[in-house]
Amino acid sequence: LGPENQRVGKCKEKCLLDDKCVAMQFKPPKRCSLWYTPIDSMESAEGAYCGSVNLVDVEPIKYTDAPTTSPTYEKDFVVEPYTKCAGDINWNRAKLLEQYTHVSQCQRRCKKMQKCKSYQWNGRQNTCILIKYKVQSEAVPQTGPTRVCGSIAITTDAPARSPVIAASSTKAPTKPPVKAPTKAPVKSPVALPDVVANTKAPSVSLGGVSASTKAPAMYVNDDAGSSDVCTLRAKLVFPFGDDINDADFYGYHADYFQVENTADPETVCGGAYKDELPEWCTYENSNPDKDTAYFASLDDAFAADETVDTETIHIFNASGGTFTFAVSHLFFDEDYYSEYQGWEDHVLAAVLKIKNMTSKTQNQLNPEGWSHPTDIKTPTHILDGGKWKVNPDYQDKFVVTVTCDDGCQCDASYHLA
């Protein structure tokens, strides 16, 4: 095993992905041995790990879906028994799942995953591989438990990339669009004062980007009555992480946050204030040219146009202070391509996570984080007389108030704005 894969789980994975492997042995730091004939038994050995594949007999294949309350997507699959997916799997766009005892479970899981276009099920090893691109299948020997490669037969005609805005029409163009929307959001959803929403959708920006986003490495407020270092880190991220391939839906979504300090009421910390940040904070964006948390989730054919941008604010010398974190959704002119299945991007609200970077007894103030509530039946926009307007039922703002004592122990409270 390579220097980045020196663990027993990687050895196990190698065996599960090898159709002929029936057992594995791992000896630290990196020796992985695969067996291609059944082993009689396993015995204890200091520092070594041994495991065997659980070979099972499976019932005849049935491709019906069990009832489920989870969202599924209509997909027609080309499925043939005793096949495997041809070629090497791109693991940057695929996921290995274990303990899938029937092909219908694997197929149903692919249906639940909006971007899943192919799957491979191994009936001997009970593994399921979800693949986010179409593959071809190839035959395997028709002996023992079956293996199956399935791939969608019909692709959706939903738009695949950033839409062209037509002022007189709310429908999607019939051809793949070629550029992003160019109009500003319907309104500025800013809860804090003096923010200029100089925004293009979905290439979202709240303000200028030329100024430095770094404040001094440490700021100590001599008037706070304490010289203790107390640092908070707040991040605005999306529930699927930083890999756009893990997003459950297509579409565009933009949120942002700003921080007020009760000890310094004249200033605000956030992306819109990059060029005039107060000394008590720093602001960073994973995309240096942006100043919101934003994602564009598109079809794999246009992967180059996809992005995930996140925001990070560090608060210094928080002991004895109170800070208000205001998070808002940034509305576009319309709900782009909402008529197409799988474009329910409105449910993927960004999550605010605040971590105490100083305390030895406190870490994340809320491990799950906070976000504005969403519902798949409550989109960001509605049509009124043929024109798009912001949905008054979409709850787009919330506030988290953090108060820290002199020992840098902090409490947080949440309310909708």
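**Exercise 1. Is C128 buried or exposed in this predicted model?**

Solution. Start with the cut-off: buried means under 20% relative accessible area. C128 comes out at 0% relative accessibility, so C128 counts as buried.

Now look at C106. The value for C106 is 0% as well, so this cysteine also counts as buried.

**Exercise 2. Which cysteine does C128 pair with, and which parts of the chain does the pair tie together?**

Solution. Step one: find the partner. A disulfide joins C128 to C106, with an S to S distance of 2.0 Å.

Step two: place each end.

Step three: get the handedness. The torsion about the S-S bond of C106 and C128 is about 75 degrees, so this disulfide is right-handed.

**Exercise 3. Where do the two ends of the disulfide between C230 and C408 lie?**

Solution. First, check the bond: the sulfurs of C230 and C408 are 2.0 Å from each other, and the two residues are joined by a disulfide.

Next, trace the chain. C230 is in the loop between β10 (147-152) and β11 (232-237), and C408 is in the loop between β22 (397-404) and β23 (410-416). That puts the two cysteines 178 residues apart, so to speak, in distant parts of the chain.

Then take the torsion. For C230 and C408 it is about 75 degrees about the S-S bond, so the link is right-handed. To finish, both C230 and C408 are buried.

**Exercise 4. What is the handedness of the link of C269 and C281?**

Solution. Begin with the pair itself: C269 and C281 form a disulfide with an S to S distance of 2.1 Å. The angle about the S-S bond is 100 degrees, and the link is right-handed.

Last, accessibility. C269 has 0% relative accessibility, so C269 counts as buried. C281 has a relative accessible area of 0% and is buried too.

**Exercise 5. Is C50 buried, exposed or partly exposed?**

Solution. Recall the cut-offs: under 20% is buried, over 50% is exposed, and anything in between is partly exposed. C50 has a relative accessible area of 36%, so C50 is partly exposed.

**Exercise 6. How many disulfides does a search of the whole structure find?**

Solution. The search turns up six disulfides. Among them is the link of C106 and C128 from Exercise 2.

Note on methods: Residues are numbered from 1 along each chain as its sequence is written. This is a predicted model: local features need pLDDT of at least 70, side-chain atom pairs count only at pLDDT 80 or more; totals for chains, interfaces and linings use all residues. Side-chain values use heavy atoms; hydrogens and water are left out. A disulfide is a pair of cysteine sulfur atoms within 2.5 Å. Buried means under 20% relative accessible area, exposed over 50%, partly exposed in between (1.4 Å probe, protein chains only). Helices (H or I, at least four residues) and strands (E, at least two) are DSSP runs, numbered from the N terminus.
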